[in-house]
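User: Hey, I'm new to this one and would like a quick walk through it. Can you put it up on screen?

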Amino acid sequence: MHIIVIEPSPSSQQGGQHLSTFEVARYLAHQGHRLSLVYFPTATEAATADLVPQYQEFCAQVIALEEGRFQRAKPWPSALAILRGLLTLQRRLAKPPGAELVYVSSHTHGFFAVLVGLWRRSSKVLHIRTAIGSGLVFHRQDRWAMAQIDRFLAVSEDVKQAWVQEFNLDPQAITPVLNGVDTTKFTPADSPGTIAALRSRLPLPSPSPNDRPPLIITYLGRLHPQKGLGVLLRAFAQLRHSRSDGEAASRGVALGGQDLYLLIAGKPVGFATPREAQTYGSSLRQQVADLGLEPWVRFLGHVDDTVSLYQASDLTVLPSIYPDPCPRSVLESLACGVPIIASRMGGIQETLTAELDPLLCEPDSAEALVAQWHRWLDWRTTDPDLGDRCRRYAQERLSSSATWQRIAAFLQQVAAT
């Protein structure tokens, strides 16, 4: 099968959905399918299109085009750029004798994907990785494209239901498949000594020989108001204050002799302009200063080696205040044997089920987050098997290999009809 992958932003630094698309594409190529990547340099910063060289390793062709959306501010130039793109694909991509499918990773370029599919008489599949109600604005071209797409994948049942309602789609046309995690890459630290070594590389003060190691809470993800980072900082301030006035001890949390740090890994993503992103990043740092947290909060920026950061943490946290579709940080933390406290909404609550349901937290509540931290921060002492249970849960329920197999089977079925 020939698969035309339309991915606007092939970057590891623009959010987890682009990494997930890359992993699916790589799996499909390794299964023997012929892939052609189409991307748009104007849709992302050229300096961060870092996945393009990796796509080139397994794609038959990697094609950069000018424009994938009709722009009302420049209608004729954008329309002509789209036409040039279609002609480029027609010239460079010979129609194969077998099945062909157009797989688009974002609704933002569903319009272009539909044009490609109609031009080439190929089936069209949109992989929905975005939540309704997350600041999305749908234009006429987007709504037209939704009506032309043949089938959909959705990263959670919550996402499916939201898109069915927004676009009056046939529920039978959308198949929910939770994201998966590569449990061979994301693994627990093999010993306390390894954890200590990883922590020694972090920008934290070295503990004195008589001190217990510090407790570390970590947030990994894009920096955006949707992720509830303001709530996170207020909760962390409350937690530190509760420790200082003895409340933690009264609630049974054994934190004596241990300091406590919050690590924030990621960069501002999802803003209309670079200036807005910079302003938001600055506002977070100002909030840290206003709360008097500067000695205990570290902004790490974009982190390539996320595995080591998970392994060095005692808890991770995802306090989203919007219906987060199916965030990778939840899956990755569990695979590394580190519990995550995450908001009870969106696809998160489909990921943390059964025995891990108690890790969920009511959203947009600093008090609820503090209560969860009090309950779980000392899990290595009070519930030392929790890390193993998190790891086993990820292996049994959230394995990427099972996810990729389901997606591959789905695409083959669509292409065959």
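This is a predicted model: local features need pLDDT of at least 70, side-chain atom pairs count only at pLDDT 80 or more; totals for chains, interfaces and linings use all residues.

User: Got it. How many cavities of 30 Å³ or more does the structure hold?

Analyst: The structure holds three of them.

User: What lines the second largest cavity?

Analyst: Its lining is made of E23, G180, V181, D182, F186, R328, L331 and E332. Helix α12, residues 328–335, gives the largest share of that lining, with three residues.

User: And how do those lining residues divide by class?

Analyst: For the second largest cavity, four are charged, three are nonpolar and one is polar.

User: OK, back to the largest cavity. Which residues line that one?

Analyst: S20, E23, V24, H127, R129, N179, G180, R328, S400, T403, W404 and I407. Two elements give two or more residues to this lining: α1 (16–30) and α17 (400–416). The largest share, four residues, comes from α17.

User: Switching topic: helix packing. At what angle do α3 and α4 cross?

Analyst: Roughly 45°, and the axes of α3 (residues 75–92) and α4 (residues 110–120) come within 11 Å. Because of that angle, α3 counts as oblique to α4.

User: Is that crossing left-handed or right-handed?

Analyst: The crossing of α3 and α4 is right-handed.

User: Which residues meet there?

Analyst: On the α3 side you have I82, L83, G85, L86, L87, L89 and Q90, and they meet F111, F112, L115, V116, W119 and R120 in α4. That contact divides into ten nonpolar residues, two polar and one charged.

User: How far apart are the axes of α4 and α5?

Analyst: They are 8 Å apart, and α4 packs with α5 (residues 140–148) at an angle of about 45°. So α4 is oblique to α5. Here the crossing is left-handed.

User: And what makes that contact?

Analyst: From α4 it's G110, F111, V114, L115 and L118, and from α5 it's Q141, W144, A145 and Q148. In the contact of α4 with α5, six residues are nonpolar, three are polar and none is charged.

Terms used. Residues are numbered from 1 along each chain as its sequence is written. Side-chain values use heavy atoms; hydrogens and water are left out. On a 1 Å grid over the protein atoms alone, a cavity is a set of points where a 1.4 Å probe fits but cannot get out, and a pocket is an open set with protein on both sides within 12 Å along at least five of seven lines; lining residues have an atom within 4 Å of a point. Grid points are joined across faces, edges and corners, and a volume is the space filled by probe spheres set on the points. Ala, Val, Leu, Ile, Met, Phe, Trp, Tyr, Cys and Pro count as nonpolar, Asp, Glu, Lys and Arg as charged, and the others, Gly among them, as polar. Axes are lines fitted to C-alpha atoms, for helices over the stretch in contact, and angles run from 0 to 180 degrees between N-to-C directions. Angles under 35 degrees count as roughly parallel, over 145 as roughly antiparallel, 65 to 115 as roughly perpendicular and the rest as oblique. A crossing is left-handed if the near helix is turned anticlockwise from the far one by less than a right angle, and right-handed if clockwise. Contact means heavy atoms within 4.5 Å.
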